[in-house]
Amino acid sequence: ESTPLIASPEPSVEGFVREYLRELNFTQGTVLERASTNDKYLALARTVRHYLMASWMRTTSEHLRTQPKAVAYLSAEYLLGRQLDNALIAADLTDIASEALASLGIDVAELREAEVEPGLGNGGLGRLAACFIDSLATMAIPAIGYGIRYEYGIFRQKFEDGWQVEKPDRWLDNGSPWEFAHPEHEVTVSFGGHVETVSEGEGADAVETSRWVPGWEVLGVPYNYMVPGYRNGCVNTLRLWSARATHAFNLETFNYGDYAEAVRAQTFAENISKVLYPEDSTPQGKELRLQQQYFFVACSLRDFIDQLLPQGFDLHRLPERVCFQLNDTHPVIAVPELMRILVDEEGFAWDEAWEVTQGCFAYTCHTLLPEALEVWPVDLLGRLLPRHLEIIYRINDEFLEEVREASGDDAVLVRRMSIIAEHPGRAVRMAHLATVAATKVNGVAELHSQLLRDKVLADFARLWPEKFTNVTNGVTPRRFVRMANPRLSELITEAIGDGWVTDLDRLRELEPLADDPEFRRRFREVKSANKERLADFLARRDGIEVPVDTMLDVMVKRLHEYKRQTLQILHVITLYDGIVSGRLALEDVVPRTVVFGAKAAPGYAMAKQIIGLINHVAAVVNNHPEVSRVLRVAFPANYNVTVAETLIPAADLSEQISLAGKEASGTGNMKFALNGALTIGTDDGANVEIRQLVGDDHFFLFGLTEPEAAAVAEAGYRPATYYEENATLRRALDLIARGEFSGGDRQTFEPIVSNLLGEDRFMVLADYQSYLDAQQRVEAAYRDPDAWSRSAVLNVARSGFFSSDRSMRDYLDRIWHAEPLES
Ligand code: 26W
């Protein structure tokens, strides 16, 4: 039996006009003549929703009815990007909507610009989560995304005199037409208090059990978002939790007559989902962050059990119904939480509960940097979640017993593997907890997974080799090709049909066309039209002038020393120096525009220095009468998904220049290749796989390999040697040191220079010459437009592997073992 459902409207221009005016008049409460751009945008968003609504309801009720095995993706971040265009494309309404609104004198393109993107993530990990839920919906896999509805997403970046300043991201201010609040499904989450030991039974039968007496509670209110599959009638759900004060909490204080105190208490509770932590890869160990993690995880487990399973479901069989995928360690507190539910609330024996828990979780690691691995001080965790700490201790006791047995009491090994670190203070190692609990542990690219097995988690991989697997990341071709690059999409579809959008391997069929001069010409036309679009966008948005007839050389990603934005700015400085000193003739330089986009964590001083340096170099280069004829540097502020969508399709050269062994995967690298940019890159992360697939001749490789870098570090790296022995490098660093880019002030960038000469943890100087040589090869290749565009077409044709649909198939085969919903 299926529930009665109102059908979505039939797609037609007249029908769309009717629906739209209804929304504008009856929901938005305004008339066309008086409607603001925001009114018109909100009405359009709600209109589009109508066309997906019946599919959403049907998907949800089918899921409930058939009780398939589901994927529950637990992620503290979803970097969704704008929703309107994506929804229009998924519902196949782009043309109908444009025509319908044009008949009312409205330009859809203008309304698109009115949407403020939900930036509920920092970078790669959050964007990956967004790509994955898109793919799961497109593949009709029963899946739900769980996360946090931050009131403020990633900060809005501004530059003042070239230095980063952070402004709050008030993304909800103009209304949020894509979400559906469900206060009736609120969940209560407890914190603090203490644990009581109670004896049950008499005499010899007496057993001690623990009971958590929490100190305070908050409510989690779910907000549902549609996750539409691409034209397949499947619409999955993303459920984000928002913190509210409990009613009781307020009332109690209110009874004392202190109204102001009651409201303050409310604010305190609601702080939990207030703001996304902007740290990417260096955890701050803040109590509020642990509150966020437990808050969303507790809500999500409760919700899955209560809302998605039938009443009275036997939780012994939970692993048949769900895999909770842990997106990095941020949701790992779900492990003791499930144990607590099973043991304390459901009365399971410990061993039974542990078996179920181990069957329900899988863990994805997204990093290799030791400082990025989350560790929670035991006193903090014990204060906030005393019962969970107790559970973690018991998990650890039993685990370490297993280690002792397997290792013949190797005490050093036991200390290394323990979930509890003893130094510098007692703390819970969340990656160890995740690895112990998970059915599978995966890295996000071949090299990364290998390094996890060999280095970061080597002890665990020796104990449980079958636990470890790889799933190389991917990106959704819907957003990052079909939507972001309509011109290329049309060219591809004209050549091979439109099946590639959901079967990206079919891009292979373009390979022969790389040798077709006419196809290459049209490919170049697309590129240059995309450059025009970008130039237009940056002129309007930032007042930045971008020449459209130059090589567009792009590095966009979070600002981090390991990613080495410094290396690219050193190349810019070297070109500048060559021209200014007369050692490089203007006509020998391939004109290029170097574009940066990057946010620095607000507390990461060196990253902010590097941003300052890039902007100051840009000012000097762009204002130099000779140099600016062949070299420009553009650094639009506030890089985000929306900027990526206009920037990536215009790029000729993709900079993927991290020190080998540091970038887990990278996903921007895949987006560039799919949009026909060539990569200059190190042998790191998924670059390795990109190069294998596109071929050495169509990829500019440079730099130390991971084993080489490890050997250099082992032998004792001395960066100053490179400075002393390489005159070009010396000149570039001396320019910075002498204040060439800081109005003669030598102090401004002193920290960068002394760091490079003294420590240079990420071996920028060691790779400098190799990078310069690779850039020479880039120039030579770019001088031959036909050969370049042949390589570019081959990059597109050979990158189908990097669809997140393929990543999902790998997760399904290797980890989840779930199947599509029949439709
Ligand atoms: C503050 C704690 C913290 C620690 C790590 C916050 C965020 C992180 C993330 C793991 C950082 C991140 O986004 N990692 C990136 O994940 C991408 C998706 O797998 C990879 O492509 C990137 O290489 C990796 O840096």
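Predicted model: local features only at pLDDT ≥ 70, side-chain atom pairs only at ≥ 80, totals over all residues.
Strands β5 (residues 156–160) and β6 (residues 163–167) run antiparallel and are joined by 5 bridges. Strands (E, at least two residues) and helices (H or I, at least four) are DSSP runs, numbered from the N terminus. Two strands pair if DSSP finds at least two bridges between them. The hairpin has 2 residues between its strands, and Asp161 takes a positive phi near 55 degrees.

Now go back to helix α2, residues 37–66. Its 30 residues reach 43 Å from first C-alpha to last, close to the 44 Å expected at 1.5 Å a residue. That expected span is 1.5 Å times one less than the number of residues. A kink of about 45 degrees is centred on Leu52. The bend at a residue is the angle between axes fitted to the seven residues ending there and the seven starting there. Gln67 follows α2, with a positive phi near 50 degrees.

Two loops deserve a look. Ala140 lies between α6 (124–138) and β4 (143–148). Its phi is near 60 degrees, positive in a residue other than glycine. Further on, a cis peptide bond joins His423 and Pro424, with omega about 0 degrees. Pro424 sits in the loop between β16 (420–421) and β17 (427–429).

Next comes an open sheet. Its 6 strands have the order β22-β21-β20-β23-β24-β25, with parallel pairing. The edge strands, β22 (631–634) and β25 (699–701), each pair on one side only. Neighbouring strands are turned by 20 degrees against each other on average, direction ignored. Here axes are lines fitted to C-alpha atoms, for helices over the stretch in contact, and angles run from 0 to 180 degrees between N-to-C directions. Within the sheet, 4 bridges join β23 (residues 653–656) to β24 (residues 678–681). Glu655 has Ile680 of β24 as its bridge partner.

Helix α23 (residues 605–623) packs on this sheet, touching β21 (592–597) and β22. Its direction makes about 145 degrees with that of β22. Contact means C-beta atoms, placed from the backbone, within 7 Å.

Finish at the ligand. Of the 21 residues around it, Gly124, Leu125, His366, Ala664 and Ser665 come nearest. A residue is near a molecule if its C-beta atom, placed from the backbone, lies within 6 Å of it.

Technical notes: Residues numbered from 1 in each chain as written. Contact = placed C-beta atoms within 7 Å.
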